Amino acid sequence: MEVLDKVAREIDSLRDEMVSTLIELIKIPAISPDFGGTGEYDKAEKLLEILRSLPFDKVETFNAPDPRAKNGVRPNIVAYYYGESDERLWILSHLDVVPPGEGWTVTEPFKPIVKDGKVYGRGSEDNGQAIVSSLYAVKALMDLGIRPKRTVVLAFVSDEETGSKYGIEWLIKNHPELFKKDDLVLVPDGGNSEGTFIEVAEKSILWMKIKVKGKQAHASMPHKGINAHRIASELLVSLDKFLHEKYSKRDQLYDPPESTFEPTMVNNPAGSPNVIPGEHEFVFDCRVLPDYSLDEIIGDVRKICTEITEKYKASYDLEILQRLDAPKPTDPNSKIVNLLKEALKLLRNKEPIVGGIGGGTFAAFFRKIGIPAVVWATLDETAHQPNEYAKIENIVEDAKVMAALSLL
């Protein structure tokens with residue numbers, strides 16, 4: 001297709017500019033207040049500066065109130081480039097990043113560098129690559145004076161890393177007028193290194209924190225205390241075994257194909273080897289096939305917690321840190337899936353794979369309101385890791401696919 005070739009060449013010519021833009025965005029930490037940061041305000045301001053320098057037809061900012069964040073808001077930006085029809089293609093990426101973490105060796109997390117064809121820095125792949133690819137897919141159309149077949153709506157939202165309460169979930173709840181049932185939605189926040197995986201389904205997410213309450217005592221006098229650590233250890237092992245055995249169904253649509261129940265964080269206040277802790281807490285990260293009820297799982301967990309803690313004359317608290325009940329998957333034969341397949345075959349001559357994942361993205365919020373959404377990108381999956389990077393080739397080539405989605 002002659003127009004596609006022309007757009008692809010224009011995107012190639014923007015390579016250096018794309019890298020420079022990504023570098024500038026990485027330099028601005030956008031860490032949630034949940035992680036001790038100030039939020040996305042500064043990064044959003046930088047992005048708005050870029051957007052306003054381009055001939056978008058409309059740019060809007062929707063600020064979700066959050067008194068913990070800078071200026072008390074979590075910004076969500078929506079930019080429109082009108083097409084020849086009323087049909088709309090949404091491409092959504094998120095502004096926030098996870099904390100820097102430890103173990104960086106190539107550079108410091110917010111001091112990005114380019115090395116071996118990669119841009120290193122926290123938030124480079126997750127989700128800076130998507131921000132830049134989507135932005136320059138549209139800029140290439142603008143530079144060439146091309147109006148797409150369908151209107152392109154770029155959304156840059158807050159709070160994806162901690163549940164989307166101030167991001168896409170807030171937008172859908174507070175501004176439902178923004179969305180239409182026949183919208184096409186692409187979320188470039190997951191994929192594989194070949195760019196062939198199209199995600200149409202996600203598992204339910206359940207994060208549970210269980211705090212066991214016993215009685216603190218000196219370790220030389222254990223009969224005077226109730227060792228919360230020992231009770232919690234028994235409880236953790238019992239839950240781990242029970243959940244895996246009862247909820248054991250496999251579905252090859254997903255990778256991995258089974259529900260997962262992973263104990264992650266642990267904590268207790270024993271500050272010395274000779275202290276029996278009176279409290280001990282641990283967290284389970286559960287990614288559950290949609291066939292199963294999260295209410296049933298929570299009920300089972302409460303029953304086991306009650307049985308084991310009562311046996312030792314202890315008690316417990318159960319806190320749900322995050323819950324997302326998986327919506328109905330996107331139809332593998334829906335228009336957005338078929339358009340993406342067509343674009344990948346034209347531009348890469350590759351046969352895409354359609355499937356589901358265990359991780360959660362904000363595509364689930366669209367599926368929940370009946371709008372089919374797909375998750376796709378070309379990634380080495382370095383997100384949340386030390387030495388996170390985005391391949392420059394992936395940034396450029398994904399931009400071509402996004403542009404093609406607006407033209408086909």
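Tutor: Gladly! Keep in mind that this is a predicted model. Let us begin with an annotation: UniProt, in an unreviewed entry, places the feature "domain: Peptidase M20 dimerisation" at residues 200–312.

Student: How far apart are the end C-alpha atoms of residues 200–312, and how much of the span is helix and strand?

Tutor: Those end C-alpha atoms are 46 Å from each other, and the span is 33% helix and 33% strand.

Student: Which domains does the domain assignment give for the chain?

Tutor: There are two entries to find on your screen. Domain 1 is written as 1–202 + 326–406, while domain 2 covers 204–324. Between the C-alpha centres of domain 1 and domain 2 the distance is 36 Å.

Student: How many residues of domain 1 are in contact with domain 2?

Tutor: On the domain 1 side 14 residues take part, and they meet nine residues of domain 2. About 910 Å² is buried between domain 1 and domain 2, with carbon and sulfur atoms giving 62% of that area. In domain 1, the residues losing the most area to domain 2 are Ala 326, Gly 356 and Gly 358, which together make up 40% of what that side buries.

Student: What about charges and polar groups?

Tutor: Count each kind separately. Between domain 1 and domain 2 there are zero salt bridges, but five residue pairs are in polar contact across the interface. As for the elements involved, strand S8 (197–202), strand S16 (353–357) and H9 each supply at least two residues of the domain 1 side that touches domain 2. S16 gives the largest share of that side, with four residues.

Student: Let me pick a residue in H9. Is Ala 364 buried or exposed?

Tutor: The idea is to compare its relative accessibility with a cut-off: buried means under 20%. Ala 364 has 3% relative accessibility, so it counts as buried. You will find Ala 364 in helix H9, residues 363–368. Beyond its neighbours within four places in sequence, Ala 364 is in contact with Glu 202, Leu 324 and Pro 327.

Student: How do I read the backbone itself?

Tutor: Start from the general rule: most peptide bonds are trans, and most residues other than glycine have a negative phi. Then look for departures. The peptide bond from Asp 126 to Asn 127 is cis, with omega near 20°, and Asn 127 is found in helix H4. The bond from Asp 255 to Pro 256 is cis as well, with omega near 0°. Pro 256 sits in the loop between strand S11 (254–255) and strand S12 (260–267).

Student: Which residue has a positive phi of about 70°?

Tutor: That is His 384, although it is not a glycine. His 384 lies in the loop between strand S17 (373–375) and strand S18 (389–391). With 44% relative accessibility, His 384 counts as partly exposed. Asn 387 is in the loop between S17 and S18, and it has a positive phi of about 60° without being a glycine. At 18% relative accessibility, Asn 387 counts as buried.

Note on methods: Residues are numbered from 1 along each chain as its sequence is written. This is a predicted model: local features need pLDDT of at least 70, side-chain atom pairs count only at pLDDT 80 or more; totals for chains, interfaces and linings use all residues. Side-chain values use heavy atoms; hydrogens and water are left out. Buried means under 20% relative accessible area, exposed over 50%, partly exposed in between (1.4 Å probe, protein chains only). Contact means heavy atoms within 4.5 Å. UniProt positions are given in the numbering used here, feature names are shortened, and annotations may be inferred rather than shown by experiment. Domain bounds come from an automatic or database domain assignment. Buried area is the accessible area (1.4 Å probe) that two parts lose on being put together, summed over both. A salt bridge is a side-chain nitrogen of Lys or Arg within 4 Å of a carboxyl oxygen of Asp or Glu. A polar contact is a pair of N or O atoms within 3.5 Å; within protein, one must be able to donate a hydrogen and the other to accept it, and residues adjacent in sequence count only if both atoms are side-chain atoms.
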